[in-house]
Amino acid sequence: MGVISTLLGFSGFGIGVSAGLVIGYYLFIYFQPTDVKDPIIRPLVERDSETLQRMLPEIPLWVKNPDFDRVDWLNKFIEYMWPYLDKAICKTAKEIAKPIIAEQIPKFKIDSVEFETLTLGSLPPTFQGMKVYVTDEKELIMEPSLKWAGNPNVSVVAKSFGLKATVQVLDLQVFALPRITLKPLVPSFPCFAKICLSLMEKPHVDFGLRLFGADLMSVPGLYRFVQEKIKEQVANMYLWPRTLEVQILDPSKALKKPVGILHVKVLHAMKLKKKDLLGASDPYVKIKLTESKLPSKKTTVKHKNLNPEWNEEFNMVVKDPESQAVEFQVYDWEQIGKHDRMGMNVVPLKELVPDEPKTVTLNLLKNMDLNDVQNEKSRGQIVVELLYKPFKDEDMPTFEDAGTVQKASEGTPPGGGELVVRVHEAQDVEGKHHTNPYVRILLKGEERKTKHIKKNRDPRWDEEFKFKLEEPPVNDKLHVEVASASSRIGLLHPKESLGYVDINLGDVVHNRRINEKYHLIDSRNGKIQIELQWRTVS
Amino acid sequence: MGLISGILIGTIFGIAIMAGWRQMMIYRSNKRISKAVDIKLLGCLNRDDLRKICGDNFPEWISFPVFEQVKWLNKQLSKLWPYVEEAARIIIKESVEPLLEEYRPTGITSLKFNKLSLGTVPPKIEGIRVQSLKKGQITMDIDLRWGGDPNIVLGVEAAVVANLPIQLKDLQVFTVVRVIFQLCEEIPCISAVVVALLSEPEPKIDYTLKAVGGSLTAIPGLSDMIDDTVKTIVTDMLQWPHRIVLSIGGVNVDTSDLELKPQGQVTLTIVKANNLKNLEMIGKSDPYVTAYIRPLEKFKTKVVDNNLNPVWNHVIQLIAEDKETQFAVFEVLDQDIGQDKRLGIAKLPLIDLEPEVEKEIELKLQPSLDMLKIKDKKDRGTLTIKVKYHHFTKEEQDAAIEQEKKILEEKKRLKAEGLIGSTMDAIDGAAGLVGSGVGLVGSGVVSGVGLVGSGVGIVGSGVVSGVGAGAGLVGSGLGAVGSGISKAGKFMGRTITGTSGSRKSGASTPVNSVEENGGVKPR
């Protein structure tokens, strides 16, 4: 009797619990509204001290740390833009999701999956401070502190066998400290080639997930578990030093790397015009690639010859075969005075077939203006042989980060290596009488110089020098001196030192690469940025 | 019995679980919402808020200027500058050269960059302010300062000199750039960007000109001409309410709302002035008033001889493009031999005017509009005006735009015919034939008279005086002919100031006649 009663009691309890849950569900959850109301925001001044207390852990970083900058203007900007962003993002999300859903649902025997509501809410993300780091490398680093505690409402309705299931995500909160690195910097807009994103801390994520109107995240313990899982997942992917890289510019294009070599052979010219009063002209040819900063190349001068034969070869580095052209200018050499141009012509590189030599005979023109009547006059002809050799993929200089050290170039002695000195820039150099700075580099008696920059206290050279060495310069020092030369040829104050620094090369050999700003000795505030690389054959 | 009690207890238990869950849901939901509110509030703290939070421990390094400081942006900019400089060089060359061509003064046949480098000093952003003045628009004001060391060499070609390189040095730019973003509901959410320089504070652009391997005096008035060109480009294209509208690719939107359009008409009656200052040695001043909204479109009253309390009762009509920021300027001048002297100046912000209500206003005359330059506090008298603002209806606005287009076409036509050397020249009712004294009546539209010397300009230096005669073909089509002796401009008869309504995108066709057109005095 007692056993039966107990059994009945238990089964009754079981029935009761299920019935109770159902009643409770309808009573407390189902009939409750599912829509999200905008929170009421009362100004901070009206708050009492208790609610203020609760805010304290969330105080923005720019209040706490002087090295974080306030970015309220950016917050305001986003705030004004948010309603539009919200609509745009939701629209795009719906458009992207539609085909995916359409493709997936037949597999699961679901009739339809639809967004019932999709909005990101009225609260925009905020930046609670921005910090930037300045390094000597070609990169920009910034760390915004991003906090988004929004009130989005995303509910998806799935229908299957006449049943309706709703999943609703709401009150999403994401707090993260991302690091945005823009690198490398390049001289064409937007001035950087890559965006690298990574998280400096594990992000904080919180949200409500309602299934049939009941918030699963309220089940004790479940929320913590889910949050941990998400954090772990995200951390695996993007926690520093892992990064998400977004390519903005094609790096080879952005840096204008060489893509090929043009072999030019100037054969001969015919029927040139006489320019000199006495005797025939003294012709020579100047060869130049357009849009190239490299100096033009010249053939030898053939004296008193109107049908000269040169048969001279030249090589030129091509950066963009689509737009560049090779320019030939025939000049008349003069002992005194200006050399006269006897004629010119150009060959666009896109007319050449790669790896196929082509001999062309060019009519010499006065200038490249098609309408100029003077071009109708015959000025003679020039015969050249052109061969464009694009770099093969393997010998194409691959794009490398500033941080990696390349191998030493050919001809470096085994066991030794190549010391590459890159003079970037100097700051606050000042001479007593003149400031036309240039840099003198001394290593084991070998001297190199940069170009002079006129009247500049913050000169920028960006010049590279290579020293080939028999053995690693562990005990050597590199002497770097900034000097200024008078712009006029004057006997008064001809040359002046603006400061120097001796750099221990042992460190460079150990680190392979050092890029640093050095304070100049014998200078008030002067600094110089030098990049040193130690390249070996292996 | 056991079953029933079991069910009962079970039901209560089940309901309790659900109730508990619900409590938990509400609790967590409230917690999240209150946190969201906190974050939102902390996203836009002001001084009082921060003081309340921090109490006595208010961090002293924090300040709240109107223009928020952006140290981090400056740091990034100085690092990025060498690259930006190189990238910007090409873009500036491509975009500014056609502009120079369009605005180039008559005496110069070609104006090009020979060398362009922006130097090593990056611009500095003093501060940024973001506000939303209009729904769907974000207004961003950037306080920009640039004391750069650019190396710009302009190749100037003139009729008399083949090619004179002019170096522009020690450039200093202090200005507030206003950028307006027009929002839309499509990614990237910005459909158009409007760029302008704020007129208040006035953009300050300083530089020194130096001729390379020659002297600036090789072409007389050259440096003035370059100054003028730069100034006209800045004031007529960039300075608010003038603006550059860029539409962002991909989104097709109507940007015509953003463009500057005639918005309304100000009918002014310059009634009288009282207690003017006497500047003449003998007798009293001979005052007259010039009034304008845009400085290139000035209107002038009659000269009242020998009177310190003159009455003019002169009616003029000015076109306003932007009621919010523009103001009408009244300058009372004393006609004199040589340079006319200023008796006083006053401005009337249009924003104070109520539409369609005629108001009589007494303006206090100041020695200068620039408050910093005012030294003496002497009374300079008052100017009484009656003013009525009429806001254009859609049709009237369209008509005004049409008229504006006409002027532009007229200018282009004249330019094509070679009558005027560049669009910068005045196209007034008359093209004055300098020197010969014969007035050539053109088919102009504007009622002003200008001495247009291009094409017939006398190449030379100094002041060329000639007789200009002109007719304005105005509104009804009847021209009011005025003639007078005027002095030609500084050089080649270039007189674009005075009362002639000349400018490039003139929205300024005065609909009604202005009688007193002759005898333009160049400034």
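**Close-up 1. D67(A) and its salt-bridge partner K131(A).** D67(A) is partly exposed in this predicted model, with a relative accessibility of 39%. Its side chain pairs with K131(A) in a salt bridge. The closest N and O atoms lie 2.7 Å apart. K131(A) is buried, at 14% relative accessible area, because that value falls under the 20% cut-off.

**Close-up 2. A salt bridge between R28(B) and D206(A).** The N to O distance here is 3.0 Å. R28(B) belongs to helix α1 (residues 2-43) of chain B, and D206(A) to strand β8 (residues 204-211) of chain A, so this pair joins two chains. Both ends are buried: R28(B) has a relative accessible area of 8%, and D206(A) has a relative accessibility of 7%.

**Close-up 3. K204(B) with D206(B).** This salt bridge lies within chain B. K204(B) is partly exposed, at 39% relative accessibility. D206(B) is partly exposed as well, with a relative accessible area of 33%.

**Close-up 4. A salt-bridge network in chain A.** Five residues are linked here: R422(A), E425(A), R460(A), D462(A) and E464(A). Over all chains, the structure holds 35 salt bridges.

Technical notes: Residues numbered from 1 in each chain as written. Chains lettered and ligands numbered in written order. Predicted model: local features only at pLDDT ≥ 70, side-chain atom pairs only at ≥ 80, totals over all residues. Heavy atoms only, no water. Salt bridge = Lys/Arg side-chain N within 4 Å of Asp/Glu carboxyl O. Buried < 20%, exposed > 50% of the residue type's maximum accessible area, 1.4 Å probe, protein only. Helix = DSSP H or I, 4+ residues; strand = E, 2+ residues; numbered from the N terminus.
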